[in-house]
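User: Please examine the structure below and answer some questions about its side chains and helices.

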Amino acid sequence: MFERPDAGERALLVQMAIGGRLDSEARTEFQQLVEAAGALEVGLVSGTRDAPDPRLFIGKGKAVELKEQVAASNAELVIFDHALSPAQERNLEQQLACRVVDRNGLILDIFARRARSFEGQLQVELAQLRHLSTRLVRGWTHLERQKGGIGLRGPGETQLETDRRLLGKRIVTLNKRLERIETQRAQGRQARDRAEIATVSLVGYTNAGKSTLFNRLTAAGVFQADQLFATLDPTLRRLELPQAPAVVLADTVGFVSQLPHELVAAFRATLQETRSAALLLHVIDAASSERERHERDVKQVLAEIGVEEMPCLRVMNKIDQLDDSTPRVDRDASGQITTVWLSAHNGAGMEGLIDALAERFRGGIENCQLELSPAEGALRAWLYRHAKILDEQARDAGGWRMEVLIDPERLRRELKRRGRTLPATLAATATADED
């Protein structure tokens, strides 16, 4: 990067159709991204090309037109809805005499504005540094302050070499901090695994309504808004299910087309909640004209993080914006629920989703009646954590009489650990399961 002039937020947008045509949905999404980044749109330049120009991406003639538009609109920033190579970005900046940001840099900037947790801020900074490390020419001298400045540079080391070394050290530091956070998250997942609590992860295109659905299910109060990337930091909440064990519901960052690879790599700790889930809830904006493309983009990102084969339940959200807004449930040939149609905004169809989740995780649970002595308070607490309590009565002689729903084999293992045996009514069921 050359010495860039101070820049404001007046942005001229550039969107080209490469080997095809532009659609209104893609243009609207681009404008929403620019708005989410806090820029003021002062114009949009569009066009078509069979292939990107190696030097300027848009070609010499369009570059001249763009420079005239920059001068006429007093734009201080040009934003491309495309990934630019470092050379293309540098050449455009030199020709236009203003800052140039590509789609990857735009998305990274939005993430930097939205990240609230310490982990999220570290992840965004790491992604930004990886993105900018390929664009070093001069600059980054401010990083010298972290190591003392004078006396830091080695004999014969150029400014560019110094900047690269400082940048590399910062990336190493961020990676180590994120590894410690990942270790803490792994410990939490191991605790849930030991407790045999399944995780259900919400995934989907950005602004599909994941956080609204999450709040509707858990009353968590997670920030929700009709804007792109409203959620960056993952949130976990316990979700009780009827006639089935409780699960942990995870709200995760939304995906978008052409999601920067730097973000996929940097958010590995966040996306680990998705990789370790027992079920994915793929939330889809049913009212979007581009929902099929959004589905493909989400599946592509899921494939990048290695979970494309994970069990998935499609949730068609925002049916209140459709003419046919009747909630329903779709099943496959074997009778398993594959799609739930609902509106997280007004709550229509939520019962269908709850029932679908309960059906998925009900498994082999059975109704079990136990009598606990006064000394078995710890076992009673374990049952409250891991079983569905249907009824509980205090016995006259002390202790409790409990009726619970639980996997017989799981209960047998816990009772065996405590020196007890499975009630006779369920012992045969557990034995059959083992065979």
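Analyst: Buried means under 20% relative accessible area, exposed over 50% and partly exposed in between (1.4 Å probe, protein chains only). This is a predicted model, in which local features need pLDDT of at least 70 and side-chain atom pairs count only at pLDDT 80 or more, while totals for chains, interfaces and linings use all residues. Residues are numbered from 1 along each chain as its sequence is written, and side-chain values use heavy atoms, leaving out hydrogens and water.

User: Is R328 buried, partly exposed or exposed?

Analyst: R328 forms a salt bridge with D330 at 3.6 Å, N to O. A salt bridge is a side-chain nitrogen of Lys or Arg within 4 Å of a carboxyl oxygen of Asp or Glu. The relative accessibility of R328 is 36%, so R328 counts as partly exposed.

User: Which residue meets R395 in a salt bridge?

Analyst: R395 lies in the loop between β13 (388–394) and β14 (400–406), and the partner lies in strand β12 (residues 366–372), so the pair ties together parts 24 residues apart in sequence. Strands (E, at least two residues) and helices (H or I, at least four) are DSSP runs, numbered from the N terminus. At 3.1 Å, N to O, the partner of R395 is E371.

User: How far apart are the end C-alpha atoms of helix α4?

Analyst: The expected span of a helix is 1.5 Å times one less than its number of residues. Helix α4 (residues 103–114) has 12 residues and should therefore span 16 Å. In agreement with this, its end C-alpha atoms are apart by 17 Å.
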